[in-house]
Amino acid sequence: MSLHTYCTFYIDNFFFGVEVEKVQEIVRYQEMTRVPLAPEVVRGLINLRGQIVVAIDLRRQLGLPDRTDDHKPMNVIVRTADGPVSLLVDDIGDVVEVDPDQFDSPPDTLQGIARELIRGVYKFEGRLLLVLDIERATAVSAAA
Amino acid sequence: MGEFDDILKEFLVESYENLDQLDQDLVALESDPENRDRLASIFRTIHTIKGSAGFFGFDRLQAVTHAGENLLVKLRDGELRLTPEINDVLLAMVDAVRDMLAAIEATGSDGDKDYSELVRRIEEIQAAAGSDAEQTAAESSATDSAETDTERSEPVEQPATDHGSPGTAAEESAMGQQEPATKRGPAEAPTQSAAASASANRSGGGGHVKESTIRVDVNLLDKLMNLVGELVLARNQILQFSATQTDAAFLNASQRLSLVTTELQESVMKTRMQPIGTIWSKLPRVVRDLARQCGRQVKLEMEGKDVELDKSVIESIKDPLTHMIRNAVDHGIEPPEERVAKGKPPEGNLTLRAFHEGGQVIIEISDDGRGIDVEKVKEKAVRKGLITPEEAEQMTPRQAMKLIFLPGFSTAEKVTNVSGRGVGMDVVRNNIEKIGGSVDIQSHPGQGTTFRIKLPLTLAIIPALIVKSGGERMAIPQVSLLELVRLEGNEAKEGIEWVHEAPVYRLRGQLLPLVYLNEELGLTTNEEAESLNIVVLHAENRRFGLVVDEIVDTQEIVVKPLGKRLKGLSMFAGATIMGDGRVALILDVFGIAKRVGLVGDQDRALAELEEKVQHSEENTVMMLTVAAGEGRCAAIPLEFVARLEEIPADSIEQANGYEVVQYRGHLLPLVRLASLLNAMPSGDDPAKLHAVVCRVENKSVGLVVDRILDIVEWRPHMERVGTHPFVAGSTIISGRVTDLIDVERLLDSVEAVADTTVAA
């Protein structure tokens, strides 16, 4: 009955989605100021119209290999309890509507960091939409 | 329902403000119990709250204020005299009201606390005034001035429950303003009258404040501030772009945009400024309660309430200030008997002063109490294992006093309810230093103690030095900056020496520990630099040199927080946005010092003390050395140097045979040092003159010199050669014979000349 709307994006070969209400905006690649000594998931700080926003690389967060230099990531700016945070992703997909009936919890065999970040899975024709837990995806473990 | 909420919110805001005023009024009243104006104003405030409480249906609030109001009527009509006991009850009532307001704010109801005990106490005091008091109050009030007639007679005539009716609210509004309340709906009336009485209280009668100010949500101001920040960035981009343009109209427009933006930025900054009086207003009450609790008599004086500080600064000094006040009352000021025995008046003085000095705000907290007992402090520190007995012996009184700022120190003989709650002076100092301020003590046994807090005007915009390290731009707040040293060529390599694994640089004969910023941050600097830039910084009285790749320039930067996610990074104090729109990190000098082990733990604090013990024996003076005339060097004690200025030669004017320049709205007499020393002038006639502005008390003079050479630490030893009136003697500094200028004498003479010319 009530459809859920998701903003989708790609990281490596995976197809991810976050609730559209949690997305503030999509911004193309921005120059970043790196933050020395910060955990490696923090790629840097961007200036979002005067507001300083931390950019978190989802590849690193998920333990995937880094992008090549000529592939600039996109910023998905999401709203969190502590203000906006940018998630760096490879590419932006469509905004999709999904049927809650298609929702499944993540398979038990999913292990490690990904298990914590993925809330569940929507079964699409031919592909799976992985639902990202925003608070966990934007969490930065204590600085080194 | 939204409108109702708004009205309720306004009621809360107004009431809080009025309560603060009430605290002050009640405390002031204690020393001047006959002041009817104050009594009337107190009465009005309580009455207003009572009326509004009735309107909103807060029965408990209404019952308490009703009892208080009745008591106030008796006081006002002279049937009762205000005693400290009565005042205690009244203040307790104010507290109860505040509690209930807080409950209303949080839950929308006036809480479920039982205040019947308080009401009973109030009624008891009231009853003591005589059983027929009510009757008399009603009668006497009827004969009073018409202005306050309604409010005075009303509380006795009407039972408390009636106050909820809109009719009463309308009646109340009549005292505050003429407009019939019925026209605008009774709901608004109570808040309006509250505003009127609040403004009347503040401005001492006039109700004009209300018209010239409006309330603005702080969030809105913050948003404005951010927007202006963005506008500044956009402006900067346009200016960069306009440099490549030739269209005159466009250039004109961008110029105007630039000017207006700057002005807008300044104005918005100003909206965040608040007078320090906003936090001071709570202090009379604090002092009064404490004094009664500790059996002291304290007179609190406050100067400079209007001094303005950024809202965030004000908020962060609130607690340290309160703590220091508590200390002063509890430990500083003696009990009356002790004071009398010492020949002091029984009433102790506690003075708060706020004023501007050198772009910063100074707050002084002075008491005329017993002062800090240095021996006791040392003994305590030894007992607590903070220092060794040997160290204690070597310490000067000044150093010993600073022991109270060490973590784990508390001078209180017994841990009282008042001070010694585990929040020591170390926390006070930390809080103040966190916002870029500093705190210092002066104390004379038997005469009192003065704490001096230095604060930046604003936290949001600070002057900073922009440096580069490992390819990254970073900002260093200028409050921590001492000087910049640049080593070139051979010096860059040979100037650095090693003490085991620690690099040091000899800065005027003293070892300066060096910290390589790129290494600390894990950044790489690829090329072997030809020169070395050392930024000399201080953190908690420790000096160190931060080696950076490049010094870019100084800028006013807007400080933005890094957010919770990066809170763990103690090396950074925040971030800012540079003119090109990119983000730059702001270094936390204290955090760096802590990370490299320069400050922080107790051993370090001790090392620091030890170092100071040694230094004080050397007893050196800082001197500014200058070149004046052919081959002549002169030294001026740095303590008299107010500023170094460049003066365009064509701005020099003549006044009564003296060369003068207009300087900050005054005439600054100029003295050419070369001719004063009878030295050969250096020949060239530059378009700009270097002037050392010297100041002793409020006399100033500009010493025109050829060049500024250096600042050196100098151990006083000199010889008198010749009898030049303004040369105190000669000495050798940096291998050159240097004349020491007797600035005090010179200034006296400048004034004498000025005096005679005025007299003539």
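Modeller: Let us begin with a definition: helices are DSSP runs of H or I with at least four residues, numbered from the N terminus. Please also keep in mind that this is a predicted model.

Biologist: Fine. Where do Arg120(B) and Glu117(B) lie?

Modeller: Both residues belong to helix α5 of chain B, which covers residues 116–128. They are three residues apart, about one turn of the helix. Arg120(B) and Glu117(B) form a salt bridge, and their closest N and O atoms are 2.8 Å apart.

Biologist: Are those two buried or exposed, or in between?

Modeller: Arg120(B) is partly exposed, with a relative accessible area of 38%. Glu117(B) is also partly exposed, at 44%.

Biologist: How many salt bridges are there over all chains?

Modeller: The structure holds 42. In general, side chains of opposite charge can pair when their charged atoms come close.

Biologist: Which residue does Asp23(B) pair with?

Modeller: Its partner is Arg98(B), and the closest N and O atoms are 3.1 Å apart.

Biologist: What does Arg285(B) pair with?

Modeller: Arg285(B) forms a salt bridge with Asp95(B), with 2.7 Å between the closest N and O atoms. Arg285(B) lies in helix α15 of chain B (residues 283–294) and Asp95(B) in helix α4 of chain B, so the pair connects parts that are 190 residues apart in sequence. Arg285(B) counts as buried at 8% relative accessibility, whereas Asp95(B) is partly exposed at 30%.

Biologist: Which residues are joined into one network by salt bridges that share partners?

Modeller: The network includes Asp23(B), Arg98(B), Asp95(B) and Arg285(B). Glu85(B), Asp88(B), Arg288(B), Asp289(B) and Arg292(B) belong to it as well.

Biologist: Let us change topic to the sheets. What is the strand order in the one that contains β2 of chain B?

Modeller: The order is β2-β4-β5-β7-β6 in chain B, an open sheet of five strands with mixed pairing. β2 (298–303) and β6 (438–444) of chain B stand at the edges with a single partner strand each, so one side of each has no neighbour in the sheet. On average, neighbouring strands are turned by 15° against each other, direction ignored.

Biologist: How do β6(B) and β7 of chain B run?

Modeller: They run antiparallel, and seven bridges join β6(B) to β7 of chain B (residues 448–456).

Biologist: Which strands does helix α16 of chain B touch?

Modeller: Helix α16 of chain B (residues 311–332) packs on the sheet and touches β2, β4, β5, β6 and β7 of chain B. Its direction makes about 20° with that of β5(B). Helix α21 of chain B (residues 425–434) also packs on the sheet, touching β6 and β7 of chain B.

Biologist: Last topic. Where in chain B is confidence lowest, and where is it highest?

Modeller: Confidence is lowest in helix α9 of chain B (residues 181–184), at a mean pLDDT of 39, and highest in strand β18 of chain B (residues 583–587), at 92. Over residues 612–617 of chain B the pLDDT is below 50. Where pLDDT is low, the predicted coordinates should not be read in detail. Chain B averages a pLDDT of 75, and 79% of the residues score at least 70.

Biologist: What ipTM does the predictor give the complex?

Modeller: The ipTM is 0.88, and the pTM is 0.50.

Key:
Residues are numbered from 1 along each chain as its sequence is written. Chains are lettered from A and ligands numbered from 1 in the order in which they are written. This is a predicted model: local features need pLDDT of at least 70, side-chain atom pairs count only at pLDDT 80 or more; totals for chains, interfaces and linings use all residues. Side-chain values use heavy atoms; hydrogens and water are left out. Two strands pair if DSSP finds at least two bridges between them. Helices (H or I, at least four residues) and strands (E, at least two) are DSSP runs, numbered from the N terminus. Axes are lines fitted to C-alpha atoms, for helices over the stretch in contact, and angles run from 0 to 180 degrees between N-to-C directions. Contact means heavy atoms within 4.5 Å. A salt bridge is a side-chain nitrogen of Lys or Arg within 4 Å of a carboxyl oxygen of Asp or Glu. Buried means under 20% relative accessible area, exposed over 50%, partly exposed in between (1.4 Å probe, protein chains only). pLDDT is the predictor's confidence in each residue, from 0 to 100.
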